[in-house]
Amino acid sequence: MILIIDFGSQFNQLIARRVRENEVYCQIEPSEITIDKIKSLSPDGIILSGGPASIYEENSPSIDADIFKLGIPILGICYGMHFMIQALGGKIARPKKREYGFATLQVKDESTPSLFKDMPKSFQCWMSHGDSTEILPDNFIITASTQNTEIAAIADLKNRFFALQFHPEVEHTVNGSEMIKNFLFDVCNCKKSWSMDSFASGAIAQIKEAVGHKRVVMGLSGGVDSSVAALLIHKAIGKNLHCIFVDNGLLRKDEKKSLEKVFAANLDMNITFVDAQKKFLDALKDVTDPEKKRKAIGRLFIEVFEAEAAKIEDAKFLGQGTLYPDIIESKSAFGGPTSIIKSHHNVGGLPEKMNLKLIEPLELLFKDEVRKLGIELGLNDDMVWRQPFPGPGLAIRIMGAVTEDRLKILREADSILLEEIREAGLYRSLWQSFAVLLPVKSVGVMGDKRTYDSCIAIRAVNSKDAMTADWARLPHDLLAKISNRIINEVDGVNRVVFDITSKPPGTIEWE
Ligand code: XMP
């Protein structure tokens, strides 16, 4: 395995994905990790990530410098490079100007092993740094330079230490993935052993061992994560898994039907459908403030779920579809991008209140790996490629009060929009596409008659991880078709608009 040390870079997860794409397992750990813990993980190599700090700042992140004595190959990236150089006796300078953006790398490396194996002598890389190297520690050679940065890549072949001033993990660096690949296989001698096939058999055995003959309860949301987690747990313990699906009345059209279809192949799976539509609508009556909506839905979900779970005797575990990025963010010493803009992205509070042990079989996986695992476990394509859908459902896509009538309008409009997006072959490539019901009415004319009806906004975004997103440039013909169909087919709508806001400054959802 490869150990990635988190110095606070926004690209940590990208580094991890680049490693795992090569079928090598890796783990991101905070820089406070002890040498003993590192030894116990026995990594084949260590990557020191970049980070926003300067090595000269007070409290800048650091790791026990004894890692350089472990005999393990190390790759330092940007801040990780500065840390390595300073720890090994070199010097970092603070130029007045930051270097940011594209640069042309000139490779001077003739050595073996080399991160630049089988690459041209000159290509584009992507820089983002303030500090840079002034004096190299003993044993290091310069392996590549750019016009502004002479020491852009270095190597200490004796100790197998490598460092890059630029970011090989981002797509803007040509051959960046290859550099990481060369580090894994030529420097660290890693073997390809990380696949979803081997992961599934290992995880099933672990779940069996951890759960024994006890029971697991789990909430199904209709999304890919909880579905894959449930299938995995079901493969391990069969009927001792009890799934609960709470119909909060805020679901999209035919959602329950499609979930039933997904699990139809697993006939012996215990799934309880709880119809709590009325309860949720009552709790949301006259609530218009977005945060109040979210809180009311979260509270009620816990209440309904708990009451149902209490009926399952001998339940000792709560299954959850938590993914690796959530774990990394909650572990990061620098907080990650965690500032709370909207409350409870994941319904919290369940495990503490219910006195159940958590079982999170996907906690080491990225989304793309969860999808591969889903296919491995026989989940259909529709479910595996589902766009994310928020826990509070349509309530946060209805601006203003949530009523049955307004839910009906949004459900119909959303269903038309999704049908057309699928028909156009765009469903998979878009991160999300959905309809929003606005709290305004406007005047229109239909069949010579004046109308005064509601307005639907179309939201469609491209994103890699929902942290940032760009509004999708949907073809005009497609927009025209969606607009036409919504106005013709959905009673109560006479106007459709298209949201052209990216994130930031907007968020993906409207509330
Ligand atoms: P925002 O609107 O914050 O959304 O840009 C980012 C991503 O998170 C989803 N989202 C949620 N998911 N519970 C969830 O499970 C929530 O309360 C929630 N709020 C937003 C949103 O759909 C997008 O993918």
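Me: Why does threonine 173 count as buried?

Reply: In this predicted model, threonine 173 has a relative accessibility of 4%. Buried means under 20%, so threonine 173 counts as buried. The residue lies in the loop between β11 and α4.

Me: What is threonine 173 in contact with, leaving aside its neighbours within four places in sequence?

Reply: Its contacts are Gln124, Cys125, Trp126, Phe166, His167, Pro168 and Met179. The cut-off for a contact is heavy atoms within 4.5 Å. Proline 73 is 100 residues from threonine 173 along the chain, and their C-alpha atoms are separated by 22 Å.

Me: Is serine 132 buried or exposed, and how do you know?

Reply: The relative accessible area of serine 132 is 14%. The limit for buried is under 20%, so serine 132 is buried. Serine 132 is found in strand β8, residues 132-135. Leaving aside neighbours within four places in sequence, serine 132 touches His82, Ile92, Ala93, Pro95 and Gln165.

Me: What makes β2 and β7 the edges of their sheet?

Reply: Nine strands form that open sheet, in the order β2-β1-β3-β4-β11-β10-β9-β6-β7. Each of β2 (26-30) and β7 (122-129) has a single partner strand, so one side of each lacks a neighbour in the sheet. On average, neighbouring strands are turned by 25 degrees against each other, direction ignored.

Me: How do you know that β10 and β11 pair, and in which sense do they run?

Reply: Pairing needs at least two bridges. Four bridges join β10 (residues 153-156) to β11 (residues 161-164), and the two strands run antiparallel. Alanine 155 stands opposite phenylalanine 162 in β11.

Me: Which helices pack on this sheet?

Reply: Helix α3 (residues 79-87) touches β3 (45-48), β4 (74-77), β10 and β11, and its direction makes about 120 degrees with that of β4. Helix α4 (residues 176-187) also packs on the sheet, touching β1 (2-6), β3, β4, β7 and β11. The direction of α4 makes about 180 degrees with that of β11.

Me: How many bridges join β6 to β9, and how many join β9 to β10?

Reply: Two bridges join β6 (residues 99-107) to β9 (residues 141-145), in the antiparallel sense. The requirement is at least two. Here glutamine 106 stands opposite serine 145 in β9. Between β9 and β10 there are three bridges, also antiparallel, with isoleucine 142 opposite isoleucine 154 in β10.

Me: What makes β14 and β16 edge strands?

Reply: They belong to an open sheet of five strands in the order β14-β13-β12-β15-β16, with parallel pairing. β14 (270-275) and β16 (357-359) each have a single partner strand, so one side of each is left without a neighbour in the sheet. From one strand to the next the twist averages 30 degrees.

Me: How many bridges link β12 with β13, and how many link β12 with β15?

Reply: β12 (residues 215-219) and β13 pair in the parallel sense over four bridges, and methionine 218 stands opposite cysteine 243 in β13. Four bridges also join β12 to β15 (residues 315-319), again parallel, with valine 216 opposite phenylalanine 317 in β15. Helix α6 packs on this sheet, touching β12, β13, β15 and β16, and its direction makes about 165 degrees with that of β12. Helix α9 (residues 290-309) lies across β12, β13, β14 and β15, at about 145 degrees to β13.

Me: Why is β13 called mostly covered?

Reply: Seven of the seven residues in β13 (residues 241-247) are buried. Leu241, Cys243, Phe245 and Asp247 point one way, whereas His242, Ile244 and Val246 point the other way. In a regular strand the side chains alternate between the two faces of the sheet.

Me: Why are α6 and α12 called oblique to each other?

Reply: The axes of α6 (residues 224-237) and α12 (residues 367-376) come within 10 Å and cross at roughly 50 degrees. Angles under 35 degrees count as roughly parallel, and 65 to 115 as roughly perpendicular. The pair is therefore oblique. The crossing is left-handed.

Me: Which residues make the contact of α6 with α12?

Reply: Val224, Asp225, Val228 and Leu232 of α6 meet Lys367, Val370, Leu373 and Gly374 of α12. Of the residues in this contact, five are nonpolar, one is polar and two are charged.

Note on methods. Residues numbered from 1 in each chain as written. Predicted model: local features only at pLDDT ≥ 70, side-chain atom pairs only at ≥ 80, totals over all residues. Heavy atoms only, no water. Axes fitted to C-alpha atoms, helices over the stretch in contact; angles between N-to-C directions. Parallel < 35°, antiparallel > 145°, perpendicular 65-115°, else oblique. Left-handed = near helix turned anticlockwise from the far one by under 90°. Nonpolar A, V, L, I, M, F, W, Y, C, P; charged D, E, K, R; others polar. Buried < 20%, exposed > 50% of the residue type's maximum accessible area, 1.4 Å probe, protein only.
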